[in-house]
Amino acid sequence: MAWTLGILLGGITLLWIAWNLTLDALWQPTDPVTMRRLLTLSGIKPGERLIDLGCGDGRFVVAAAKEFGAHATGVEIDPFRVLYAKAWIWLARLSDRAKVIRGNMYDVDVSDADVVILFLSATSNFRLQKRLREQLADGARVVSYYHPMWGWQPDLVGEARDGYPIYVYRMSEHLGKTSR
Ligand SMILES: C[S@@+](CC[C@H](N)C(=O)[O-])C[C@H]1O[C@@H](n2cnc3c(N)ncnc32)[C@H](O)[C@@H]1O
């Protein structure tokens with residue numbers, strides 16, 4: 001019985017790892033100092049809407065809602081991390097302004113976001129660019145840790161705790177025109 005259970009759990013874990021390796025962006029959580037730096041550089045204000053695409057365990061969503069008073073949404077494809085994030089939000093009593101959706105970030109409507117957080121990969125940023133450019137309103141900010149957006153001129157480049165860049169882009173007609 002114990003053997004069967006062990007083999008089953010081992011099999012599920014191996015499948016889960018293999019499936020994660022097929023994603024454009026693997027899970028790597030942002031450290032808390034860098035996370036707060038990204039949130040501060042985003043200029044997020046109380047009541048504004050933030051989306052973290054590929055939100056992992058939901059740390060940005062929790063911090064944005066709790067410490068910055070934002071309405072925060074996370075999108076995550078991995079069901080285990082979604083469960084974890086949902087539990088964290090519930091335990092932190094933030095369900096009125098924080099949520100995590102299980103889904104594919106490439107299909108998500110971001111049109112009402114004031115801030116979009118990205119810590120993904122060069123490929124993911126490239127695949128998301130068209131959607132961000134088309135859907136986000138003027139004045140919305142895209143903040144990407146480590147990976148720049150192709151052809152977009154950042155308004156600001158900050159530094160993470162590990163020395164890697166934090167790119168801040170403010171959506172505008174000019175940004176759209178230069179990147180088409
Ligand atoms: C580098 S982690 C960043 C996690 C979190 N944003 C943070 O900074 O701590 C990237 C996350 O994106 C998720 N991810 C990858 N591809 C995705 C997709 N197509 N849709 C939604 N989430 C995705 C991964 O599962 C992983 O949790």
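**Group meeting: the ligand shell and the sheet**

Okay, let's start at the ligand: 23 residues sit around it, and T30, G54, G56, I77 and M105 come nearest. Near here means that the C-beta atom, placed from the backbone, lies within 6 Å of the molecule. Helices and strands are DSSP runs, numbered from the N terminus: H or I of at least four residues for helices, E of at least two for strands.

Before I go on, this is a predicted model: local features need pLDDT of at least 70, side-chain atom pairs count only at pLDDT 80 or more, and totals for chains, interfaces and linings use all residues. Numbering runs from 1 along each chain as its sequence is written.

Now the sheet. It's open, with seven strands in the order β3-β2-β1-β4-β5-β7-β6 and mixed pairing; two strands pair if DSSP finds at least two bridges between them. At the edges you've got β3 (98-102) and β6 (156-159), each pairing on one side only.

Look at β1, residues 49-53: it runs parallel to β2, paired over five bridges. I51 stands opposite T73 of β2. And α3 again: this helix packs on the sheet, touching β1, β2, β3 and β4, and its direction makes about 175° with that of β2. Contact means C-beta atoms, placed from the backbone, within 7 Å. Angles run from 0 to 180 degrees between N-to-C directions, with axes fitted to C-alpha atoms, for helices over the stretch in contact.

Last one: α2 (residues 32-42) lies across β4 (115-118), β5 (141-145), β6 and β7 (165-170), at about 155° to β5.

Note on methods: Two residues are in contact if their C-beta atoms, placed from the backbone, lie within 7 Å.
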